[in-house]
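User: I am new to this structure. Please take one part of the chain and walk me through it closely, with its surroundings.

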Amino acid sequence: MEIARKAAILFWERGVARTRGEDIAAASGLSKRTVWRHFRSKEACVEPLLSATCYRLVTWLEDWPPSLPLEKHLTQAVRPDLQPAQDRSDDIAAVRLVSILPQEPALRTAWLMACAAAEKDFVTVVARRAGLREEAFEARLCAAAMMAAVRVANETFAESAVVRGESYSLQGVLSRLGAAMRSAATLPICDPVFDDWRRAISDTGGELQ
């Protein structure tokens, strides 16, 4: 993470093309060999930072009670005032990186890798809420669709906030994020779910009758 944080600062200040692996190593107080032992490329150096931001959303959703709709749970679970200062700093750095994706396409692989890793864990959340096995196609499809919505929402928020200087309230961000996830969900899991719902989903292969 320390290497990722240094790389994120350099990418933001200099751009990816003008940042060398040697620069990242020097900023981290490490040798080039050490950096390349951990990462396959200079762009990959920021994957841990991007992944941490993606995983935070999954962590919030892991405690999603069956009785709460998605939007209400997000409002209750996302508490920046309780978030460690380092996490907030990492999230800001991640937003900056995501905001320059259109100008720095080499970073997109790192971003997509981070999103894919979070999606893999999100399958567990979807499967548990729907009463399906984690390997079930319906659970995997729903998780993929909802995380794709999260990715697009994050890219939109980042670009409009950082590049165009637009401001958002936390409630506004959570509302739009919840709406995006709900619109993408292929299973009826965004509203309160109960055991009879889960059985209906499971018995009909993901289609609630």
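This is a predicted model: local features need pLDDT of at least 70, side-chain atom pairs count only at pLDDT 80 or more; totals for chains, interfaces and linings use all residues.

Helix 8 buries Ala139, Cys142, Ala143, Met146, Met147, Ala149, Val150, Ala153, Glu155, Phe157, Ala158 and Ser160.

Now the length of helix 8. It has 27 residues, and at 1.5 Å a residue they should span 39 Å. The end C-alpha atoms are 38 Å apart, which agrees. After helix 8 comes glycine 165. Its phi is positive, near 75 degrees.

Helix 4 has 16 residues. From first C-alpha to last, it reaches 22 Å, close to the 22 Å expected at 1.5 Å a residue. Its buried residues are Glu47, Leu49, Leu50, Ser51, Ala52, Cys54, Arg56, Leu57, Val58 and Leu61. What do the buried residues of helix 4 pack against? They pack against helix 1 (2-14), helix 5, helix 6 (85-99), helix 7 (108-130), helix 8 (137-163) and helix 9 (170-184).

One of these partners is helix 5. The axes of helix 4 (residues 47-62) and helix 5 (residues 70-77) come within 10 Å. They cross at roughly 110 degrees. The two helices are therefore roughly perpendicular to each other. Helix 4 brings Leu57, Trp60 and Leu61 to the contact. Helix 5 brings Leu70, His73, Leu74 and Ala77. Of the residues in this contact, six are nonpolar, one is polar and none is charged.

Is glutamate 43 buried or exposed? Its relative accessibility is 16%, so it counts as buried. Beyond its neighbours within four places in sequence, glutamate 43 is in contact with Phe11, Val16, Ala106, Leu107 and Ala110. Glutamate 104 is 61 residues away from glutamate 43 along the chain. Their C-alpha atoms are separated by 9.9 Å.

Finally, the record. UniProt, in an unreviewed entry, lists residues 1-57 as "domain: HTH tetR-type". Over residues 1-57 the chain is 68% helix and 0% strand. The end C-alpha atoms of residues 1-57 are 18 Å apart. The unreviewed UniProt entry also places a "DNA-binding region" at residues 20-39. That span is 75% helix and 0% strand, with its end C-alpha atoms 13 Å apart.

Note on methods. Residues are numbered from 1 along each chain as its sequence is written. Side-chain values use heavy atoms; hydrogens and water are left out. UniProt positions are given in the numbering used here, feature names are shortened, and annotations may be inferred rather than shown by experiment. Helices (H or I, at least four residues) and strands (E, at least two) are DSSP runs, numbered from the N terminus. Axes are lines fitted to C-alpha atoms, for helices over the stretch in contact, and angles run from 0 to 180 degrees between N-to-C directions. Angles under 35 degrees count as roughly parallel, over 145 as roughly antiparallel, 65 to 115 as roughly perpendicular and the rest as oblique. Contact means heavy atoms within 4.5 Å. Ala, Val, Leu, Ile, Met, Phe, Trp, Tyr, Cys and Pro count as nonpolar, Asp, Glu, Lys and Arg as charged, and the others, Gly among them, as polar. The expected span of a helix is 1.5 Å times one less than its number of residues. Buried means under 20% relative accessible area, exposed over 50%, partly exposed in between (1.4 Å probe, protein chains only).
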